[in-house]
Amino acid sequence: LSKEDGLRNLFDYIDVEKAGAVDVRNLLSALQRVGLNPTPEDVQKVFSSLDHDKGNRISYPQFRRAIGLMQPMDLMRLFGNTQALFEGASPTELRDIERRILRGRVNREMQRIQMQVDDLLSRHASEQEALESQLRSPGIAPQAAAQLQSDLEALRQRHTTEWEAFQGKLASVTAGAGA
């Protein structure tokens, strides 16, 4: 069973109504069906963090992306199971757990930055295309063309600055991973 198949099966297990989207009630019910008893408030908090468009429903693509960003510690915290994780752990095991938590945080941060970079590149492409399209308009006045050319250069400079900021964030996260 691939990871994708496993996630799809999990989503289908939660989506008992087979509506193609789940709500907080579906999630709470699924957790209870497997013997977990998180509070409705905890489930609502997690659900709200997954429901990026605030539509009170999560589609499979939203679910897949959100679960990919969650780490085991997030899930254990949801179910109040962190004490069981650490009971009887040796100092070496605790250091290993700490490293895994840090790695999870770094991975989440890198995934978050990657999503921001994807959004940035998409926005940059559409902004640049809009200005270049205006520049290609037939019969554009020389003054308007000069202004659009200036706007395009300013846009490219802003894109370079934003890109350098993301490279700095990524370098910072990568440096933190080595700690």
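Predicted model: local features only at pLDDT ≥ 70, side-chain atom pairs only at ≥ 80, totals over all residues.
Residues are numbered from 1 along each chain as its sequence is written, and side-chain values use heavy atoms, with hydrogens and water left out.

Rings of Phe, Tyr and Trp (its six-membered ring) were paired if their centres lie within 6.5 Å; planes under 30 degrees apart count as stacked, over 60 as edge-to-face and the rest as tilted. Two aromatic pairs are counted by this rule. In the edge-to-face pair of Phe 11 with Tyr 60, the centres are 5.4 Å apart and the planes make 70°. This pair links distant parts of the chain, 49 residues apart: Phe 11 belongs to helix α1 (residues 3-14) and Tyr 60 to helix α4 (residues 60-69). Helices (H or I, at least four residues) and strands (E, at least two) are DSSP runs, numbered from the N terminus.

Phe 11 also forms a tilted pair with Phe 63, at 5.3 Å centre to centre and 55° between the planes. Because Phe 11 lies in helix α1 and Phe 63 in helix α4, the pair ties together parts that are 52 residues apart in sequence. Phe 11 has 0% relative accessibility and therefore counts as buried; Phe 63, at 5% relative accessible area, is buried. Phe 11, Tyr 60 and Phe 63 make up one aromatic cluster.

Arg 8 lies over the face of Tyr 60, 4.2 Å from the ring centre (NZ of Lys or CZ of Arg within 6 Å of the ring centre and within 35 degrees of the ring normal).

How values were computed:
Buried < 20%, exposed > 50% of the residue type's maximum accessible area, 1.4 Å probe, protein only.
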